[in-house]
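Dear colleague,

Please find below the structure that I am handing over to you. My notes on what was found in it follow directly after.

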Amino acid sequence: MKKLALVSLCCAFMLSLAASASEHEHVFGEWTPGENNMHTALCEECGEELSARHYTFTSKMGEASVSVCAACGQYQDGVLALIEGAQALSEKPTPSKQKGVFIARGLESPFAGDETIIYAFTAAYINNGELATWKDVSTVSLPLNIELPEDYQLVRVTPSAGDDSVQNPEKRTEMESSYEDGVLCFSTKTPALYLITGGEK
Ligand SMILES: [Zn+2]
Ligand SMILES: [Zn+2]
């Protein structure tokens, strides 16, 4: 599949913008479990506290299903790590006021049930207490710094939904993306679990 040259251009521009930004953006560290299914993280620079419920994205992996928390990254087999330097920048000329903090977490070869998945990550805005609505289509850039094959594919997982009478099966949507100098770039406004697949099937 063809990668979008435009996405890659946007990405380079965005990274240079980010480097020149001077105002304080909270950089939240790791999450510590608390009571009532909540957990908290502290800003490494100013000490501000963010607390949120565990919010999980689920996906079928062979026979099993996995649930990954968008904030702390915990799932059945381990923890997706914080992706340092992960960013989402609105593509609107006049960006909407976005609530919450953008958090992306990922891991290489995370699921024993499906070896075609090279990398998995979550991307979401976490507000105080919960997941925040992602307002604008944004260019997301993730410094993954891993090896990806030429023919890698980025997909977004839409979990299965419904009750016993109506079942919508899990859907995997192919996404346009670029991968240059170890940085993955793509457009989205959907908090979700994303998978990078590739290699021989
Ligand atoms: Zn701060
Ligand atoms: Zn969590």
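The model is predicted: local features need pLDDT of at least 70 and side-chain atom pairs count only at pLDDT 80 or more, while totals for chains, interfaces and linings use all residues. Residues are numbered from 1 along each chain as its sequence is written, chains are lettered from A and ligands numbered from 1 in the order in which they are written, and side-chain values use heavy atoms, leaving out hydrogens and water.

His24 sits in the loop between helix H1 (5-20) and strand E1 (32-33), and Cys43 in the loop between strand E2 (38-42) and strand E3 (49-53), so the pair ties together parts 19 residues apart in sequence. Helices (H or I, at least four residues) and strands (E, at least two) are DSSP runs, numbered from the N terminus.

His24 is partly exposed, at 40% relative accessibility, whereas Cys43 is buried, at 4%. Buried means under 20% relative accessible area, exposed over 50%, and partly exposed in between (1.4 Å probe, protein chains only).

Strand E14 (residues 153-158) is largely enclosed by the rest of the structure, because 5 of its 6 residues are buried.

Yours sincerely
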